Amino acid sequence: MLPSAVNLLSAALLLISACSALASDNQYPPRSPAPASQPAGAHNADSSAVSYRLEVPLWPEGSQVFLDGINALAHEKWALTHPTYLVYSPTNNSSRSAILVFPGGGYKALAIGPNSTLGPQGADVCKWLTDSGITCILVKYRVPNTGCNWNSETRRHEQPEIPMALQDAQRAISLVRFNAGAYAIDPNKIGVMGFSAGGNLAVLASTAFRHRTYESIDAVDQMSSRPDFAIPVYPGHLTMEHKNKTPRSVAAGELNTDIHISSDVPPTLLIHAEDDAVDPAYYSRVYEEALREAGVNVELKLYETGGHAFGVKRQGTDTDRWTDDALRWLDRLGMP
């Protein structure tokens, strides 16, 4: 992610409070979800938006990985130290499939504030999915600097000592699969979708599933963290530019070595706009080529116009078609 992406975020996006991150029920693993008529912490941005029905903490409160994250982020302003996910369920015609959504934000913040093109708390992207019969799981992973990020002072990309964002993604996938019965979803129809830095996280989650980035804690971690499909949308950090390799012209054509390609990578749909000036479209091209060489079922949808961070907001550009294209792709996979 280039530094200009961070500048697009308003200060409101940073105000994600740790005090609202934990669900009111401290039993772990969480009990079955509360009835939709009694949403846990639901918001009502407007009458057309959906509301989530519960918020689930990713980690047991006393677990070491959770405590290590709090310590690591202790001196960061506006840090999100208590990662959770929000469950948005379809009201009817459920396909029993689910998608975990990772918001963008440059691994500096989560872009789910009031002006987000995903909607406040991801409500707009989740309304699109739930209207299509898909359960939407909006993942509020830990930030800042919990994945590859740009240091504006050193003018270099940096890797965190502890990959907390990937830890959260792996745990979230396993936790949703563990709770599949409670959420009325098929444990074999669970995918990931991410935007910008969240697109990078979707790539990592769908390639790094063979080894957990933390020590297993409980029965949740006995569940697979491999998603059944992946939809990275304008993903960042995919080339060796993000390892500070020079010359940049060479690094731009090489896949980031953080990404481990194998034939077991799930079916992947890449979404990108040709005129993206923040995370250029060649990021997705480099990744697509690597997946194709490995024999992975991969498709790249390139749109002439749309720029960066279009989310699910209609803006009169070619990228307005991507949501329909994604649903057709899912249908061909048998999901939903």
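**Exercises on a predicted model**

Glu288 lies in helix 8 (residues 282-293), where helices are DSSP runs of H or I with at least four residues, numbered from the N terminus. The model is predicted, so local features require pLDDT of at least 70 and side-chain atom pairs pLDDT 80 or more, while totals for chains, interfaces and linings use all residues. Residues are numbered from 1 along each chain as its sequence is written, and side-chain values use heavy atoms, without hydrogens and water.

**Exercise 1.** Determine whether Glu288 is buried or exposed, and list its surroundings.

*Solution.* Step 1: buried means under 20% relative accessible area, exposed over 50%, and partly exposed in between (1.4 Å probe, protein chains only). Step 2: the relative accessible area of Glu288 is 18%, so Glu288 is buried. Step 3: with contact defined as heavy atoms within 4.5 Å, Glu288 touches Leu270, Val298 and Leu300, leaving aside residues up to four places away in sequence.

**Exercise 2.** Classify the orientation of helix 4 and helix 6.

*Solution.* Step 1: the axes of helix 4 (residues 164-178) and helix 6 (residues 197-205) come within 10 Å and cross at roughly 60°. Step 2: angles under 35 degrees count as roughly parallel, over 145 as roughly antiparallel, 65 to 115 as roughly perpendicular, and the rest as oblique. Step 3: helix 4 and helix 6 are therefore oblique to each other. Step 4: Ala165, Leu166, Ala169 and Ile173 of helix 4 make the contact with Leu201, Leu204 and Ala205 of helix 6.

**Exercise 3.** State what share of the protein chain is buried.

*Solution.* Of its 336 residues, 56% count as buried.

Technical notes. Helix = DSSP H or I, 4+ residues; strand = E, 2+ residues; numbered from the N terminus. Axes fitted to C-alpha atoms, helices over the stretch in contact; angles between N-to-C directions.
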